[in-house]
Amino acid sequence: MFNALYLEQTADRQTQASLKALDDAALPAFDARGVTVDIAYSTLNYKDGLAITGRSPVVRKWPMVPGIDFAGTVAASDDPRWQPGDPVVLNGWGVGESHWGGLAQRARVSGDWLVRRPEALNAFEAMAIGTAGYTAMLCVLALEKHGVAPAQGEILVTGASGGVGSFAVSLLAGLGFRVVASTGKAAEADYLRALGAAEVIDRATLAAPGKPLQKERWAGVVDSVGSHTLANACAATRYGGAAAACGLAQGMDLPMTVAPFILRGVALLGVDSVMAPLPLRLEAWSRLAAGADRGAIAAIARRIGLAQALEAAPRLLAGEVRGRLVVDVNA
Ligand code: NDP
């Protein structure tokens, strides 16, 4: 038996979330390459908040165990690439959406989806980084591949006190960029400065409709907010700069003109962590293992138990959670 958060859909299509003890036999079967993992830590991501509360239709099969990421140890494997005892992490691939996920003591997943946990990171640190830190690193890699470098000017990070934002601030500051953090939480300015932000701005300055082209300021942008915020960020991106877009905390819309693209050569770089190919994942995790700041990890992450994830989910969606909630599935 193992403990898991368990999501069921009622007859009137409401999501019912509870903590349940499940039988190992209930774990989904894989014809080949199936790997059973004893999970140590999972996390509460924005998408997990949506799944647990039923706020958005991210769950594609019922019943579902939520949790889009986890770190653990291989318990049994039909995949010759993985042996019992191997330390692994998993991000995305529809886990927690269409396959049972990480907010549980056990999971059975495809061996194709696993990444070996880098030796430099323990399981807690790997999940403190989790999908948020890994996505922040994918954004950093996208900006670097576009040629954005510290000498070209400032980087704007939106949703800065959230999981993706906190890691983006820390990683970019560590690489020598001057980072400007946009937040709705004035009280978290010291937290953001401690992570490496050179300046903290009120997200209200970016949240409303703005001019199609604004004074050029940003060499690059990491945006986890979307909507008017991303539109304004692009409108103020410098000639030849780029914005990496990975989230929709303000909205899924993008109300803007093509002016920044066709008059300033600005690039909008889409970042997806869920289906990212393995070589890109390995590059991101290897850069995270080498470059993630232990002090920042300690400042960003807070440990909670499996049952606490249920009450934390609506607070996360309300934007009330700072940094990352790491779920100790055995607590
Ligand atoms: P968090 O909830 O930890 O952070 C989101 C942050 O966005 C909040 O802390 C808040 O920061 C800001 N925010 C919240 N509501 C609003 C609003 N109405 N307007 C403007 N800003 C707002 O989530 P994550 O960091 O885990 O994820 C951020 C986004 O990125 C989500 O949309 C998520 O779905 C997406 N994502 C996408 C991935 C991908 O593969 N593309 C992977 C991971 C996440 P503050 O108070 O500082 O402004």
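## Notebook: a walk through the predicted model

**Entry 1, starting point.** I began at A299, which sits in helix 9 (residues 294–300); helices here are DSSP runs of H or I with at least four residues, strands are runs of E with at least two, and both are numbered from the N terminus. This is a predicted model, so I kept in mind that local features need pLDDT of at least 70, side-chain atom pairs count only at pLDDT 80 or more, and totals for chains, interfaces and linings use all residues. Residues are numbered from 1 along each chain as its sequence is written, and side-chain values use heavy atoms, with hydrogens and water left out.

A299 counts as partly exposed because its relative accessibility is 34%; buried means under 20% relative accessible area, exposed over 50%, and partly exposed in between, with a 1.4 Å probe and protein chains only. Leaving aside residues up to four places away in sequence, I found A299 touching Y191, L195 and R322, where contact means heavy atoms within 4.5 Å. I also checked A299 against C234: they are 65 residues apart in sequence, and their C-alpha atoms are 30 Å apart in space.

I stepped back and listed 10 helices and 15 strands in the protein chain. The radius of gyration is 20 Å, which agrees with the value near 20 Å for a compact globule of 331 residues; it is taken over C-alpha atoms, and the globule rule is 2.2 Å times the number of residues to the power 0.38. Along the principal axes, the C-alpha atoms fill a box of roughly 60 × 45 × 35 Å. I noted that 55% of the 331 residues count as buried. Of the contacts with a separation of 6 or more, 71% are between residues 24 or more positions apart.

On the way in I stopped at S161, in the loop between strand 8 (154–157) and helix 3. S161 is buried, since its relative accessibility is 2%. Beyond four places in sequence, the residues that S161 touches include S166, T183, K185, E188 and Y191.

Helix 3 itself covers residues 163–174, and its 12 residues reach 17 Å from first C-alpha to last, close to the 16 Å expected; the expected span is 1.5 Å times one less than the number of residues. Is helix 3 enclosed or open? It is largely enclosed by the rest of the structure, because 10 of its 12 residues are buried. Among them are G163, V164, F167 and L171. Just after helix 3, I found G176 with a positive phi of about 95°.

S224 lies in the loop between strand 11 (218–223) and helix 6 (227–235). With 13% relative accessibility, S224 counts as buried. Its contacts beyond four places in sequence include T158, V164 and C246.

S227 belongs to helix 6 and has a positive phi near 50°, though it is a residue other than glycine. S227 is buried too, because its relative accessibility is 4%.

I found a cis peptide bond between W62 and P63, with omega about -15°. P63 lies in the loop between helix 1 (46–53) and strand 4 (69–77). W93 is another stop: it is not a glycine, yet its phi is positive at about 60°. W93 is in the loop between strand 5 (87–91) and strand 6.
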